[in-house]
Every structure is written in C-alpha cells, then in structure tokens.
Amino acid sequence: MAEEKEGAAPEAIIADIQKKITDAFEVFDHECNKTVDVREIGTIIRSLGCCPSESELHDMLAEVEEEEPTGYIRLEKFLPMMTKVLMERRYRPIPEDVLLRAFEVLDANKCGHLTKEELVKYMTEEGEPFTQEEMEEMLSAAVDPETNTVRYRDYITMMVVDEN
Amino acid sequence: MGCGTSVTGRRAKKSERAIKAAILIQRWYRCYMARLEMRRQYALSIFQSIEYAEEQAQLQLSSFFTFMLDHFAHLNESDTGSDVQLLEYERTIEVPDSYHGPRLSFPLTVADTNSLLHAFKDQQHLHARYVLQLLHETKKLLKQMPNIIHLSTSYSKEITICGDLHGKLDDLLLIFYKNGLPSEENSYLFNGDFVDRGENSIEILIILFAFLLVYPNHLHLNRGNHEDHIMNLRYGFTKEVMKKYRSHGKKILNLLQDVYSWLPLATVIDSKVLIVHGGISDTTDLDFLNLFKRNKMKSVLRPPKSSTERNHDPERTDFVDYSPIIRVKRCLPGQDIAVKGMTRPSSSSSHRRRYTSDLLDVGEHMWLLHDGVNSGPLLEAQYLESSVRMPNVPSELTAKEWKQVVDILWSDPKNQNGCTPNKVRGGGCYFGPDVTARLLKRYNLKMLIRSHECKQEGYEISHDGQVITIFSASNYYEDGSNRGAYLKLNPDLIPRFVQYQVSKCTRKQTLHQRVSVVEWSALKSLREKLYSRRSELIAAFRQYDPNNTGRISATEWASAVESVLHLDLPWRTLRSRLVQLAPDGSVEYLSCFNDLEIEPAIKEVQPALVETLYRYRTDLEIIFNIIDKDHSGLISIEEFRQTWKLFNSHLKIDIDDESIDNLARSIDFNKDGSIDFNEFLEAFHVVNKFENK
C-alpha cells in the first residue's frame, strides 16, 4: 500500500498526475465522451495549480486544438500537453510577496491602498483586461465599502486564507 | 532635448512596470477564480449524484409503496364532480371570523388572483375550504383539456415558458415581477414540477390554478414527474400540506391526486415546438399519447399489472424489489395469500414466482377498487375478477401507456446518439441527438423544450439547438448554487432567455462566500451518505489494509468508497475535504466518520442506529406517515393494530389482538400509549439487526 508516494518510480508519479488531470477534465466533460468545451479549458488548467497569463493560455490551447476547431477539446490531446506542463512545473503559482509587490507598483503614492477607481482603471485598461463580470467580482471582495478603497495587504491575506 | 527624453523614458518604464504588475494581478486573480469554479462544480456534482441516486431508490421501492398505499390509504373520495361539491365544502367546512387571509368566490376573477398574491407575499395561508374549492374547479377545467395542448403565438405575441419551480415561491413572484402577471396579453406555460423540495409548494399550486381558472386560454400547465402523490410523500409536499392544513390536509392531498392525473402531458406551440417536462424516447408516440385516458396514470410508481399483459408474459419477474420488511414476509415458507388471480393458470410457475405475482395481484385489485366508486370493505376486492368489472370503471392503464408517460416525464437528453435506460434516475431514458432528430422530423417539429434538470445558468441548449432545457428554481441545491431562467418564444419561434437569481443576502456576498456555502452543504450531505454506509465502508477499507494500520492509499480509498456508494464522484479529488491525510499522502480512512454532527433529537443513540437511520430514514418516514393515518405525528395503538390486521389477512400470519397490543407496547418505550417516529426507528433498527444475523 501507499508505495505510490515518496521515492516512487517516475511512472507512478506520471500516473498520479494524469489521474489528477483526468479528474479535473471529467468535471467539465458533461457528455462523458472525453471532450470539454474549449471555453472551460482555462478553468481546468488553472484549477490544476498552473498560473498562465491569457496569452500563454492561448498558446497552450493552440497546441491541443483540432486542425479544424470544433469548439471542443479532446482529453487525448489535452492529457499529454498538460502532463508535460505539470512535470516541468511551468506556470507556477504566484507567491504572496510577489503579488504584494505588484500591488505596490500600482500604488503610486505608497499609501498602502488603491482607490476603487484606480484598481478598475488598471484592471480593465492595462495588461489583459478583465471583463465586467470579473471586475465586479473582484471589487465585491476587495473594496472596503466605507472608504471605497482597496487595502491590498489585507485583501491578499484574506484571499490566501480563503483558499485554504 | 535631453531632459525631455529622460522624463518620457522614465514614464515609459514606469508604465511598463505598471502593465507588468497589472498582468501579474490578473493572472493571479484568474487562477483564484478558476479554483473556486472547480470547487463549485464539485459541489454541484455531489448534489446531483445524491439527488439522482435517491430518485432511483424511490423507483425501486415502487411495488412496496403500491402495496402499502393500496392498503392504508383510503382514496375513494366520494366526488360527484358537480357544483354540489362546491356548496358541500361551503356547508361542511367553516371559515372562522378570525381568519384574515383571502376569501375566494367562484368563478374567480383577477381580484381574487391579486388578493392571493398579496396574501402569500405576507406569508398568509389560504383557508382549506377555498383550497378544496379551487382544486375542485381546477379539476373540472382540466378534465375538458386534451392530453396534448396546441397553442399558437399569433394570438398573443409571445409565450413565456417556465421550468421547474419546486415550491420556491420567491422565484415565481420574481418571474411575475420581471415579466408581468399572466393575462390575455401575457401568456405563460409552466412545464411541470411545481411542487416538492421548496417550502411553498401549495402556494405555487394555488396561484397557478387560480390564474388557470381566470385565464384558461393564456396560462397552461404540463405535468411533471413530481406531480405524483407518491413522489410527494418523499420529497416534502405531503408534509407541507399536513403541516399547513392539519385536519383538512388529507382531503386536499386526495383531491390533488385527481388534479395531477388530469394535468395535460405536453404542449405544442405553432405545430413546431414540443414542450414536455422530461423528454422523449425512441418509442415516444405523440398520436398515442394524445388518445389514451391520461387520468389513469395516478403515479409513475404504480406501474400497471394488467392480467392480459401477464398472460402474454407469464414469466415476468420485474418489480420484485420489495423493501426489507416485505421481503422477509414473502420468504416465510408454506404460506399462501388470500387474494388469488383465479383465471390465471399457475401450474407452470414456481412457488416463489407465484407468490410474487400474487402480491402484485393485491395491488391490481386494489387499483380496481380505487377507480370504482364505493366498493365496500377492502377484502371484498378479492372476489372482483377482471372479467366482471363494474360498469363505469375506467379500463386499466396498460404497460404501453405507462411507459409512454414515464418516458416523457422522466427522460434526460444525452449527447451521444441512441436511447438508453436512465439508470441514474431509475426511470425514463437518455435520448441522443439522433432520437431527437427522428422525432422532430416525424412530426414536422423544429424544437423540443424540456425542464427536469437543474442547470447552473437556468437553461442549456443541446442537440445542435434542437433541445432546450429550462429550469426556473434558482438556488435549487443551496443559496447561490444556480440561476433560474425562463424563456420567451415569439412568432418566429426564436427563444429568448431571461436569467435571474432570488437573493436574500447573496447580493452582498462574494463569489467565494457563495461557493463556500454551497460546498459546505454538499460535503455535509456527502458525509451523511458515508455515515449511512459506515460498516460496509469500513469492511471495504479493511480489505486494503490487512495489517490494520488505519491507512490506505488514495487510489484504494477512492475505489473502496465508489464500490460501496456508486455515486460516480471524483473521490480522489474530494478526499482532502472528507478525510484526514497522513503526511505521506495516504488516507486515514476512519476519519471520514469523525466530525459528523448528529442531529440533536437522536444524539444519545449508538453509532449503529445512526447508520441505519441515515440509510433508511426517508423510507421509514414515508411508511410511518402511511401507517399514521390521521397524520398526527404519532401512531396510535389502534393504527398499529389495523396495520397488523392487514398483514394478517393478506399474509396469513396468525397473531391475535393481544399479541399485537403487546408488540405495540414493546415499541412504545416511553409508555405514553402511542408510537412516535423515534420509537418507530428504534424498533426498525432492532428488527433490522435481528434479520441481518
């Protein structure tokens, strides 16, 4: 029993990773025919602990899409690509301190908070802009309704705790 | 200019840093949201697996329920079907002056529907007399309608179609608020499953029926699989009615059985769009469905057992899955049964099989009884042979009729071609795009609209746009679990969806909080499931753990759990939320039974009882309710005695009154002269343990 863990053969590690990928994939495989809607791929990849940017995500997608895009991705194609990504530990999650520094960059006055308007401007106009839905969702948790500001240090702490 | 370039250079560098920072935050946030979405998906799949597994259990118990109901429920309401009945209710049921709720006068008008809506918003109830009168009038109207209703969008510009409401009054009120009340200019079709699960099923029925009476040409109803009195016993509606209407509750429920049986089965709009509650199968025949007497179908859980069928197929062995109680009785050797089908040759069949079908015969005869008017005491039924049917007794439901109805009320679409039995629900089928395409072509239709399945967005389009699922109960599983939707169909027959979500406090909550609530509640149900199979699970775990270390690998754990529960869930992924993991990643399997909070009422009982209770609680509650004829919440010694007498006469168990009373007293632990539900459970547990030896 339990020999599949520590010091296990590489095949066992790969088998474990592939099982994880298949499980996540199957959650969105509503037809039970080993395909998922292409729009769900981002969720699947990210829920497996990868943090690619949107453009990196597009590259990954291009790799697994059919020659003639059908709107669906097959597990057959997705599994080897994703196994490789996880084995090579690419797109690692963003550590808390790096995230904090990113917020500090946006906080031009170094006052420990961003106004709601500042956050909306950066998130919807810069980089890989949020959709309105994403923005609203973020604001609902990030903004202190009384001051209308984002105390990002507290926000990050809260979000990290949330996840565990 | 040196100075200028250096400033722009710095600016450019600064904004580049800002963009990088923004991308990083966006990346991080999208990852966070994806993980949240995954958790939400898992929670939903838990709910769905458990829900469908229960439906399956319900269907498997059908013969047992038929048996119990045939004997304990007395369904023959004398019902003349005329206006005399209305006055009769008025004469016999008094509405006290202290009653402040709405008062109805028939025929109903818009003023009545308005006062009903108003009263229900204020959480008032409608008095039992008016409920009975309303149901009576509704039944009269429904009786005149065909099995399949044909509508046209040319009379009213648009038709609004709503899916399952399941007792969620807030959703219905929200639909009316957003989309306007039903009227000559505003047509509605409600596609079944009005009742069960939610707390306001009766209010929903009252509102829908009242509008139906006021606008019979502009509000339409299709029957759903929950418009079924045996489903109601399990999924809450029976309880709701008894709680709200106490002494009149039974009358209301009896009359409702009739009303259900008269609900139309399907609707067709502009000869192009077919609307049914569940779906279709490869044998669905709309012409056939349009012709038979639909009110013969009282409950899907009372399948037909016509004697002609049996002659064709004497070896028939389905419906042998009785509940444990009946199974034990059946196995007692050397016994025969009082009621026998005399016309049927029995020499060829084995004793056991004969016994089984004899049990079914009881059901058959009783079936006859219920549809007859007043056929005297129960046991006389045995002398009623199928050849000497009473006049005016509607002919029995045939197996074909039964299957046709089950298929349209219970089926779900799937995306592979073909038509396969719906094993998950235990009734109806899964139909593929090819089945849809063939049926649409055969009847020259464009689209199938159905409900029956909870969808996260409130609707879903499948089979290349030929099948639409519409579901109108938001927060179905838990606050925040799903949106509700309705759809509007204009004369071009292009559907337009409107989504909504009833919110009490959900608005202020973040997605994370909403997901956590749903997830917590899903995991709680799952833990209860685990507990209900505790001994079997432990035995399964031990097989992987010969040395009794208390730990097994994740894979072993997952396959052990699945082998016992058959819920087809991603156990490996869920394991970290259900059990404690050892540092090496293996599972400490006993820990999944640790932190289950046991309801206060039964906290002092031993673990084995808790397990029995979690497993059989719903079934036992239904049986208890059936025996408890006056729905007092207690089984009186008299009710207990009657139950036993029935067993005696049908199963030829010789037991005298005194022994029965002794039995009853032995169950009545607190010696208060009646048996409450906890005592009943305890008794069941003792018997169950005894039988398992």
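Helices H5(B) and H7(B) are oblique to each other, a class left for angles that are not under 35 degrees (roughly parallel), over 145 (roughly antiparallel) or 65 to 115 (roughly perpendicular). In this predicted model, local features need pLDDT of at least 70 and side-chain atom pairs count only at pLDDT 80 or more, whereas totals for chains, interfaces and linings use all residues. Residues are numbered from 1 along each chain as its sequence is written, chains are lettered from A and ligands numbered from 1 in the order in which they are written, and side-chain values use heavy atoms, with hydrogens and water left out.

H5 spans residues 128-143 of chain B and H7 spans residues 201-214 of chain B; the two pack at an angle of about 50 degrees, with their axes 10 Å apart. Axes are lines fitted to C-alpha atoms, for helices over the stretch in contact, and angles run from 0 to 180 degrees between N-to-C directions. The crossing of H5(B) with H7(B) is left-handed (near helix turned anticlockwise from the far one by less than a right angle; clockwise for right-handed). Residues of H5(B) in the contact (heavy atoms within 4.5 Å) include Val131(B), Leu134(B) and Leu135(B). On the H7(B) side, Ile202(B), Ile206(B) and Phe209(B) are among those taking part.

Chain A contains 8 helices and 4 strands, taken as DSSP runs (H or I, at least four residues, for helices; E, at least two, for strands) numbered from the N terminus. Their order from the N terminus is α-β-α-α-β-α-α-β-α-α-β-α. Of its 164 residues, 43% are buried (under 20% relative accessible area, with exposed over 50% and partly exposed in between; 1.4 Å probe, protein chains only). Among contacts in chain A with a separation of 6 or more, 56% join residues 24 or more positions apart.

Helix H6 (residues 116-125) of chain A crosses helix H7 (residues 132-142) of chain A at roughly 145 degrees, and their axes come within 11 Å. This crossing of H6(A) and H7(A) is right-handed. The contact involves Lys116(A), Leu119(A), Val120(A), Met123(A) and Thr124(A) of H6(A), together with Met135(A), Met138(A) and Leu139(A) of H7(A).

An unreviewed UniProt entry places the feature "domain: EF-hand" at residues 16-51 and 94-129 of chain A. Residues 16-51 of chain A are 56% helix and 8% strand, with end C-alpha atoms 20 Å apart. For residues 94-129 of chain A, the corresponding values are 58% helix, 6% strand and 18 Å.

Notes
UniProt positions renumbered as here; feature names shortened; annotations may be inferred.
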